[in-house]
Amino acid sequence: MGADNLLPLAADLEAARSQMALTLGFHIILASLGVAFPALMLIANYIGLRRKDPVALELAQRWSKVAAVTFAVGAVTGTVLSFEFGLLWPEFTGTFGEVFGTAFAIEGIFFFTEAIFIAIYIFGWKRLSGWGHFWTGVPIVIAGIGGAFSVVAVNSWMNQPDGFKIASDGTVTNVDPLDAIFNRATGYEVPHMILAAYLVTGFLVASVYAVGMLRGRRDRHHRLGLLIPLMVASIATPIQFAVGDTAARSIADDQPVKFAAMECVQETSTHVTEYIFGRCTSDGIKGGIGIPGLDSFLVGWSTDTKVTGLDSVPADERPPANTLLHWCFDLMVGICTALIALGLWLGVSWLRKRDIPRSPWFLRATAVSGLSAIVALECGWIVTEVGRQPWIVYETMRTKDAVTDADGVWASLATVVLVYTALGIVTVLILRAMARRWRTAEIDEADVPYGPRPAPRESSEEPP
Amino acid sequence: MSKADAVAAALWVGVTLYAVFGGADFGAGFWALLAGGGERGRRRRELIDWAIGPVWEANHVWLIFVLVVLWTAFSTAFASIMSTLFIPLSLAALGIVLRGSGFAFHKVVSRPRDRRLAEAAFAISSVLTPFFMGTVVGGIASGRVPIGNAEGDPVTSWLNPVSLLIGVLFVATGAYLAAVFLVSDARRYGDPDLERYFATRALAAAVGAGAVAFAGIFVLHADARYIYDGLTSEGLPLVLASGAFGLGALVLLWRRAPRGVRPLAVGAVVAVIWGWGAAQYPYLLPEKLKIADGAAASATLTAVLVVFGVAVVVVLPALGLLYTLGQRSVLEEETEG
């Protein structure tokens, strides 16, 4: 570890940034499932109880078992993140913890509520009454949304810091926790992330059943398993498009340099061309499809709108990797557009004949929608985070000034790469094995929810 | 009592609840590690699964609470601790990942080999995680964490007599609490063999934890004088209370009393934690950073107290519901993963 001292400081910064990116990029998928999966589970549960539909109840029960696994992995990867606030970024948390921390304290309450009621729900299938059990699931959904609000409010604060002043000696004064929580970016970042969670979860779950149907399993179980999540996602997607569009315009106002990097706008000007893909160079976009004036139009509804360029700030205040940012932004928007089309396809078919479209292309499109939604989610996250660089707190603290002086970040990064790769693979394998077992297993009488209550354990479970 | 003191007390409540519930949860993993093979080992692990299955995640949210309150209300102390003690805290985080995923996975994998692997990940990290957390607490208590970004020694801050002692003490205390809880869980489970098995272990763990704590007096005297002085003055009544509770629990365990062991065992742990708190007061980092000097802005402290109040109103009843349903065996696992 002593050798690390010889490396330039920036090297440790890169390790810290990579570790944060990997652990957050991993957790964001599980967090999305944690926010939205309980809602899908409860919709199935509601249909099952309301229509006395055993297939819907079975879906709800299986989804709760999947949620148990993903929630557990999400809880531990989330715990890692709260360690990393200190392990990787002690100057950030040490300086601004008192400003943004309250939101996390609130998140603690939501996380607690979630952990408690998810346990009651998962373990309550046998002995609680049907509707009683259903209601123990409702706090999970509310807590999921509340938790997402609290966490994303902190990220919004990093983009639009508010609720403090910096005194002449560099210390933080005039702290106002409420102003920090309800900063300028909260209004668009929070709904954007919560909708993203519903969108990702909906398409991901639907894609699993679409694959099953493509393999010929076209029973009611698969049909319902596809319909519930896909409908939720299809409703969320157009709203997401509108929210995302608002967010992009707000970013053009609030963080013009981030916006300039996303769109590779080198010089502040009017009549800015919108490029779809292409390579960002210091002379602007090379390649890509250009639509003259559209970028200005999208920012201010007129081609005369002035768009701030990267030249508005010194080179050391511009985000890195502009081509990556530009591609991520375009991919996110493109995928969202395609997913809206998929939702419309379902909507039209549903209105006309109360059924999913017959075409195998519909199932194929749904089958890839889950992974596409995850790609869009990660792209959005990259745009937010990389686009804010070099700042950890926008225009207030640089990321390089926030990083730990501890040695060994490279070692912990290497460990994280290994452990998280294994964790991701094992989680997917285990979920697949569970699905396979369910497909082949006979339905066990003892497993039917809300069945007759078994005799007390004392008499039935005598050791052999 | 100042507002900063009130927040420190709220933080200490979180620490206490984590030590009791999280500690017992880690302890359950300790006994899973020692459960042995064959049919008997399988039954012991089954009881452990059954007992902690519904509550293990909630048990560990207290850690999040502690971290968040620390970084919000006492940001400087948080940053100093996390950067100086980078190594043991990274190892503890690794342990948390392996433990949680191991526990979640072991119930849903079907192949025996995979199951054993997941169980091993859970059980081994159940011992290592509290050990590393203990070394962190030892580093803080013995004044080895200076203010600043990684200002302390990255190695001796946690590889020192006090850290090793508290690391072992954390593991032993967790094992003790877990064994005591598992005795009554075995009774609820209707298995007298397991009840006897864990009663014996509870006795052994009580003696073990007591011995470590006793040895600790000398280690603290030599290596953490500030805490030692505090424990033998302001903290003394609580230390004595802890000893009395511990002895009482020991007697009841010895006589196989059906009731009263759990409150006494918990009381012993709680008393020693508050004794330590009294000993360390008014310091966040002994002799380096006082609560008053390390506290956040007044508005933030108010916000944390409000959130804590809401947590008491919202979370505690919900937790009570969870534990009550668990104790009444309403929360039963499915027969198949």
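Keep in mind that the model is predicted.

Let's start with the core. The largest nonpolar core holds 291 residues. Which residues have the most contacts inside it? They are B:Tyr176, B:Ala179 and B:Leu182. The element that gives the most to this core is on chain A: helix α3, residues 90-123, with 21 residues.

Stay with B:Ala179 for a moment. Leaving aside residues up to four places away in sequence, B:Ala179 touches B:Gly27, B:Trp31, B:Phe198, B:Arg201, B:Ala202 and B:Ala205.

Next, a helix pair in chain B. Take α1, residues 3-33, and α11, residues 261-280. Their axes come within 10 Å and cross at roughly 145°. The crossing is right-handed. Who meets whom? From α1(B) come B:Trp12, B:Val15, B:Thr16, B:Ala19 and B:Val20. Facing them in α11(B) are B:Val266, B:Val269, B:Val270, B:Ile273 and B:Gly277. Sort that contact by class, and you get eight nonpolar residues, two polar and no charged.

Last, the two chains together. How many residues of chain B are in contact with chain A? The count is 67, and they meet 65 residues of chain A. On the chain B side, the elements giving two or more residues are α3 (56-73), α4 (75-84), α5 (86-106) and α13 (298-327). Of these, α13(B) gives the most, with 13 residues. By class, this side of chain B has 44 nonpolar, 15 polar and eight charged residues.

How values were computed: Residues numbered from 1 in each chain as written. Chains lettered and ligands numbered in written order. Predicted model: local features only at pLDDT ≥ 70, side-chain atom pairs only at ≥ 80, totals over all residues. Core = buried A, V, L, I, M, F, W, Y, C linked by C-beta atoms within 7 Å. Buried ≥ 20, exposed ≤ 12 C-beta atoms within 10 Å, placed from the backbone. Helix = DSSP H or I, 4+ residues; strand = E, 2+ residues; numbered from the N terminus. Contact = placed C-beta atoms within 7 Å. Axes fitted to C-alpha atoms, helices over the stretch in contact; angles between N-to-C directions. Left-handed = near helix turned anticlockwise from the far one by under 90°. Nonpolar A, V, L, I, M, F, W, Y, C, P; charged D, E, K, R; others polar.
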